[in-house]
Amino acid sequence: MNQRLLAIALPLLACLSSCGGKGHTLLQNADGKIRVIHIADAKWKQENARTEMESILERFPQIDLVYAHNDPMAFGAAMACKQKGRTGIRFVGVDGLASEGRKYVADGAIDATFEYPTGAETAIDLALLACSGVEVPKRVVLGTRTYTKANLAAGGEAAPSPGEFVVANLHHQHGDVLTTKPTTDVVFRIGMAQCTDGEPWRVAMREQLIAAAKRYPQVQFDYRAADDDTEKQRGIVRDFITQNYNAILVSPKESLALVAVAKEALGKGIKLIVLDRELGSDDYTAFVGGDNLAIGKAAGTAIGQLLPNGGTIVELQGLMTSSPAQERHNGFVEALGLKKP
Amino acid sequence: MKPRGASPTARALLALVGVLGLGAAWNGDGAFFRPELHLDLLGAQSVVGLCALGQCLVILSGGIDLSVGAVVALAGMTFAGLQLEANWPWPLAVLAALLVGSAVGTANGLLVARARVQPFLATLVLMVIARGLARWVPELAGRPASSKFLPAGSQGPAFWSWLDGHLVGVPTSGVVFAMLALVGSLLLHRTVFGRHLLAVGDSPEAARLSGIAVRKVTVLAYLASGALAALAGICQVARDVQGNPAAGEMLELNTIAAVVVGGTSLRGGRGGLLLAVIGVLVIGYLEKVLAINGVPSHWRLCVQGVIILAAVLLQERRP
């Protein structure tokens, strides 16, 4: 028995010792003034971020800024600092939802947030255009918006992408299609197969989709969510196909898992608009989504401006198996030119 | 109780001392020796701890409760919604949340004791239903389903700040957890109900033959678990300053792990609430030690698995 325990404990200690002894700078910029001293995986969750931050505060007496991959984590970290009376730390988050990030910025709980657009309005517009026989761009990548306390009242500072100009141009050219007062009584049926409803950003997407569809009397919109279940989502798309919808919107839970039904839909002449997450193949009419790498870069640039004389940064990451977390990290690293010391 | 080698308490304490030793050796530049770290830990573990107490009671009765995480969400949403949207005073909102949790617990208990559904399945059903209800609650307040309940500013009602604050330096929710653990432990080991619960878990047939109201005891165990999970949900709302329908995910598994690491047998009848507290602390301290040393999360998961295995091997040791 004791040998068994020893056999478990020794490799464990060896593993720990290899992890812990790295010193205090994980990443630094060219002149070594901006340093990332700690990176923790808080899995997108506010409560995880808070407990991680509590530990981090005990370990590091000097922290200048916390970069969190979403607003709830930034807020959780801010709460930990507030509880411990640690002031002078800046907090930067991502997502910029009206109900979360922007409110935290307005309250002064966090310093900046970057909008991760849902693409809802654009997706409805593209679906309507495609149904009406208009050639739509294959990929529309949306820009971001920076929200700070100073610019919040003015609606933030937009950093539009080329994709948005393309969409604006379509509005201009095809005003007869994207009209809220159609002259014919042709109705297009558009269905949305959402991967899940269970997070605030997805809830915001749902509400925006419904609101965007409501603008057009010629659109009959149907929203269905798959509760984070790929099989269910496939079923929803298949149902839309059987029910002869004109266009299907889908935000895939897993890339590749929906390629077969996507082919089926296109084969029947149904327009397929992919939102936010990649389908994994070319079998769609148009893709609309935000750009996490650009958001990471925007955050990195803003952080550089918040720390003109350099400083120490703690990064609270989302689930690093997900591409948004990887890209929000990579963009941040790229913008600040961070490297391992 | 049959005679055995080292007592379960001694073994559980050994595991705790082991993890504390690991923390002392691996102290993250002295962070482990700061008292605040240990107080933070008590506060952070109060939610999982309160649920683990209920989970432990159910496991002692020979069952299992998979619904605790969903009850945390449902009771939390009830509490937050009543306070923020309906402007109920906090005592009534707390009472309503406790009633909701108790109702789910009672449903679990009746399914298990009356309808003879296996505990795993019965509580799985309630887990799914409670999670669904938690997502539906916002619609009652005229908000989109699945959305969170957030206060107007970044600060919640005064009661939330109090619950998330400190009582004589100790996190309030941690104090609630510690007191309930003590009271619960006394009830379990010093009252007839407690002895009956252990007897039912040990052998329902023998318990029935000796005249114990097996069904009643079983229903009460699940009811207590639901109520404790509801209390945990209230603490979670106060800690997060929001009602979140996604709160408490994976909590069912974490509480089972804590109960088992503490040394309560999954077969029922043997163990205690203070053991569950030790189990919660062992896992909590392990996470803390890994966190202050900046161990990447993939390694953390592996290390946690290994530690749970080690604790279980230690518990399973028979003289």
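How far apart do the C-alpha centres of domain 1 of chain A and domain 2 of chain A lie?

Author: The C-alpha centres of domain 1 and domain 2 of chain A lie 30 Å apart. This is a predicted model. The domain assignment gives domain 1 of chain A as 24-116 + 142-173 + 290-341. Domain 2 of chain A is given as 120-134 + 180-289. Eight residues from domain 1 of chain A and nine residues from domain 2 of chain A make the contact. On the side of domain 1 of chain A that touches domain 2 of chain A, four residues are nonpolar, two are polar and two are charged.

Now the chain as a whole. Chain A has 11 helices and 14 strands. Its C-alpha atoms fill a box of roughly 70 × 60 × 35 Å along the principal axes. Of the 341 residues in chain A, 50% are buried. Take the contacts in chain A with a separation of 6 or more: residues 24 or more positions apart account for 70% of them.

Next, the sheet. Six strands of chain A form an open sheet, and the pairing is parallel. The order is E6-E13-E12-E11-E9-E10. Strand E6 (139-141) and strand E10 (219-225) of chain A stand at the edges. Each has a single partner strand, so one side of each is left without a neighbour in the sheet. On average, neighbouring strands are turned by 15° against each other, direction ignored. Helix H8 (residues 230-242) of chain A packs on this sheet. H8 touches strand E9 (188-194), E10 and strand E11 (247-250) of chain A. The direction of H8 makes about 175° with that of E9(A).

Three bridges join E6(A) to E13(A), and the two run parallel. A:Arg139 has A:Phe287 as its bridge partner in E13(A).

A:Asp276 is found between strand E12 (271-275) and strand E13 (286-289) of chain A. Most residues other than glycine have a negative phi. A:Asp276 is not a glycine, yet its phi is positive, about 65°. Is A:Asp276 buried or exposed? A:Asp276 is buried, because 25 other C-beta atoms lie within 10 Å, and 20 or more is the cut-off.

The largest nonpolar core has 154 residues. A:Ala77, B:Cys51 and B:Val72 touch the most other members. Helix H11 (residues 214-240) of chain B gives the most to this core, with 18 residues. Leave aside the neighbours of A:Ala77 within four places in sequence. A:Ala77 is then in contact with A:Ala49, A:Arg50, A:Met53, A:Val66, A:Ala68, A:Phe91 and A:Leu316.

Last, the partner chain. 33 residues of chain A are in contact with 35 residues of chain B. On the chain A side, the elements giving two or more residues are helix H1 (2-20), strand E2 (34-41), helix H2 (46-59), helix H4 (101-107) and helix H7 (200-214). By class, this side of chain A has 12 nonpolar, seven polar and 14 charged residues.

Note on methods
Residues are numbered from 1 along each chain as its sequence is written. Chains are lettered from A and ligands numbered from 1 in the order in which they are written. This is a predicted model: local features need pLDDT of at least 70, side-chain atom pairs count only at pLDDT 80 or more; totals for chains, interfaces and linings use all residues. A nonpolar core is a set of buried Ala, Val, Leu, Ile, Met, Phe, Trp, Tyr and Cys residues joined through C-beta atoms within 7 Å. A residue is buried if 20 or more other C-beta atoms lie within 10 Å of its own, exposed if 12 or fewer, and partly exposed in between; C-beta atoms are placed from the backbone. Helices (H or I, at least four residues) and strands (E, at least two) are DSSP runs, numbered from the N terminus. Two residues are in contact if their C-beta atoms, placed from the backbone, lie within 7 Å. Ala, Val, Leu, Ile, Met, Phe, Trp, Tyr, Cys and Pro count as nonpolar, Asp, Glu, Lys and Arg as charged, and the others, Gly among them, as polar. Two strands pair if DSSP finds at least two bridges between them. Axes are lines fitted to C-alpha atoms, for helices over the stretch in contact, and angles run from 0 to 180 degrees between N-to-C directions. Domain bounds come from an automatic or database domain assignment.
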